[in-house]
Amino acid sequence: LTEKLLDAERSGNFSVKGLGISKLPIEYGGQNIWDRMPQLLYLDAANNTIVFVDVIARCTALQKLDLTGNHIKSLPDELSVLVNLQGVALSTNQLDAVPPCIQFWTALKEL
């Protein structure tokens, strides 16, 4: 994870794809990892068993988000701040309604 975090800080891309995690990591080395990546542009968290994604709200520069193949039942209102999102992948989750936060993603081109 250390190498992935360092690469994310440099490149703006963070992938935890297919790691079998049930939640997005919050702390590493005693520091909130999302505070370390405010300029994150791309997050790939596909193919895990993630249920909650509220920590992503700290990544206000985020442009692409892949949450495909998780166990997400809803998206929290906190994600309304992700107004720079251009592409979001949510297929193969457990969403039963269109999340209200999507209405604030005015830059969205691909869902």
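1. A disulfide is a pair of cysteine sulfur atoms within 2.5 Å, and a search of the whole structure turns up zero of them. The sulfur of cysteine 59 is too far for a bond, because the closest cysteine sulfur, in cysteine 101, is 14 Å away. Cysteine 101 is likewise in no disulfide, its nearest cysteine sulfur being that of cysteine 59.

2. Please keep in mind that this is a predicted model, in which local features need pLDDT of at least 70 and side-chain atom pairs count only at pLDDT 80 or more, while totals for chains, interfaces and linings use all residues. Residues are numbered from 1 along each chain as its sequence is written, and side-chain values use heavy atoms, with hydrogens and water left out.

3. Are the two cysteines buried or exposed? Buried means under 20% relative accessible area, exposed means over 50%, and partly exposed lies in between (1.4 Å probe, protein chains only). Cysteine 59 has a relative accessible area of 0% and is therefore buried, and cysteine 101, at 1%, counts as buried too. For the protein as a whole, buried residues make up 41% of the 111 residues.

4. The protein contains one helix and six strands, where helices (H or I, at least four residues) and strands (E, at least two) are DSSP runs numbered from the N terminus. Read along the sequence, these elements follow the pattern α-β-β-β-β-β-β. The radius of gyration, taken over C-alpha atoms, can be set against the globule rule, which is 2.2 Å times the number of residues to the power 0.38. For this protein the radius is 13 Å, close to the 13 Å that the rule gives for 111 residues, so the protein is as compact as a globular protein of that length. The C-alpha trace spans about 35 × 25 × 20 Å along its principal axes.

5. The surface and the contacts can be described in totals as well. Accessible areas come from the Shrake-Rupley method with a 1.4 Å probe, and for residues only the protein chains shown count as cover; the protein exposes about 6100 Å², of which carbon and sulfur atoms supply 51%. Contact means heavy atoms within 4.5 Å, and among contacts between residues at least 6 apart in sequence, 37% join residues at least 24 apart.

6. How many salt bridges does a search of the whole structure find? A salt bridge is a side-chain nitrogen of Lys or Arg within 4 Å of a carboxyl oxygen of Asp or Glu, and the search finds one. Side chains of opposite charge can pair when their charged atoms come close. Here the side chains of aspartate 35 and arginine 58 meet at 2.4 Å, N to O. The pair links distant parts of the chain, 23 residues apart, with aspartate 35 in the loop between strand E3 (31-32) and strand E4 (42-44), and arginine 58 in the loop between E4 and strand E5 (64-66). Aspartate 35 is partly exposed at 47% relative accessibility, and arginine 58 is partly exposed at 42%.

7. Lysine 17 sits in the loop between strand E1 (13-15) and strand E2 (27-28), and with a relative accessible area of 44% this lysine is partly exposed. Neighbours within four places in sequence aside, lysine 17 is in contact with Asp44, Ala46, Asn47 and Asn48. A polar atom of the asparagine 48 side chain lies 3.1 Å from the backbone oxygen of alanine 46. This is a polar contact, meaning a pair of N or O atoms within 3.5 Å; within protein, one must be able to donate a hydrogen and the other to accept it, and residues adjacent in sequence count only if both atoms are side-chain atoms.

8. Asparagine 93, in the segment after strand E6 (87-89), deserves a look of its own. This residue is buried, with a relative accessible area of 18%. Which backbone oxygen does the side chain of asparagine 93 reach at 2.8 Å? That oxygen belongs to leucine 90, and the backbone oxygen of leucine 67 lies 2.9 Å from a polar atom of the asparagine 93 side chain. Polar atoms of this side chain also lie 3.1 Å from the backbone nitrogen of isoleucine 72 and 3.3 Å from the backbone nitrogen of asparagine 70.
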